[in-house]
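Hi,

Here is the structure I promised to pass on. Have a look at it first, and then read my notes below.

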Amino acid sequence: QVQLVESGGGLVQAGGSLRLSCAASGRTFSSYTMGWFRQVPGKEREFVAGIVGISWRGSNAYYADSVKGRFTVSRDNAKNTLYLQMNSLKPEDTAVYYCAASMGRDYVPDKAVMYDYWGQGTQVTVSS
């Protein structure tokens with residue numbers, strides 16, 4: 001069983017920055033592929049970014065086109081923590097942000113159904 005707890009959400013003006021954190025339980029965090037998703041009411045959960053645990057291919061972080069160049073996903077395996085640095089925020093980034101863990105994969109899935117564990121979510125609101 002893996003428990004995920006997000007933090008760092010809040011209210012920010014357009015153009016501002018936030019950093020989300022996701023603390024994970026489990027002794028094998030470094031082996032999990034981790035992802036960030038977001039959801040607004042009435043819409044499906046949307047992939048934002050993800051990062052593999054261990055990569056033999058060099059680049060191990062992937063982003064949705066809508067956030068590429070503005071958001072950065074990273075992880076600290078020693079602290080069992082996943083991060084999402086969000087810069088140049090836009091009102092359309094407003095959503096509940098979730099972190100998720102995917103087991104047994106060496107790539108980053110962009111479908112929510114491919115993730116096995118989820119956090120409770122943290123609200124991000126970007127005002128115009």
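**The disulfide and a few other spots**

C22 and C99 are joined by a disulfide, with 2.0 Å from S to S. Before you go further, keep in mind that this is a predicted model. The structure holds one disulfide, so the pair is a handy place to start, given that a disulfide here means two cysteine sulfur atoms within 2.5 Å.

Which strands does the bond link? C22 sits in strand β3 and C99 in strand β9, so the bond ties together parts that are 77 residues apart in sequence. The torsion about the S-S bond is about 50°, which means that the disulfide is right-handed. Are the two cysteines buried or exposed? C22 is buried, at 0% relative accessibility, and C99 is buried too, with a relative accessible area of 0%.

Now go to S21, which is also in strand β3, a stretch that covers residues 18-24. S21 has a relative accessible area of 16%, so it counts as buried, because the cut-off is under 20%. Setting aside neighbours within four places in sequence, S21 is in contact with V5, E6, S7, W36, T81, L82 and Y83.

Next up is G50, in strand β5 (residues 46-51). G50 is buried, at 0% relative accessibility. What does G50 touch, leaving aside its neighbours within four places in sequence? Its contacts are M34, G35, N60, A61, Y62, V73 and V108.

Most residues other than glycine have a negative phi. N80, though, has a positive phi, near 55°. You'll find N80 in the loop between β7 (71-76) and β8 (81-86), and at 18% relative accessibility it counts as buried.

S88 is the other one: its phi is positive as well, near 50°. Where is S88? Look in the loop between β8 and β9 (95-102). S88 is partly exposed, with a relative accessible area of 42%.

Cheers

Notes
Residues are numbered from 1 along each chain as its sequence is written. This is a predicted model: local features need pLDDT of at least 70, side-chain atom pairs count only at pLDDT 80 or more; totals for chains, interfaces and linings use all residues. Side-chain values use heavy atoms; hydrogens and water are left out. Helices (H or I, at least four residues) and strands (E, at least two) are DSSP runs, numbered from the N terminus. Buried means under 20% relative accessible area, exposed over 50%, partly exposed in between (1.4 Å probe, protein chains only). Contact means heavy atoms within 4.5 Å.
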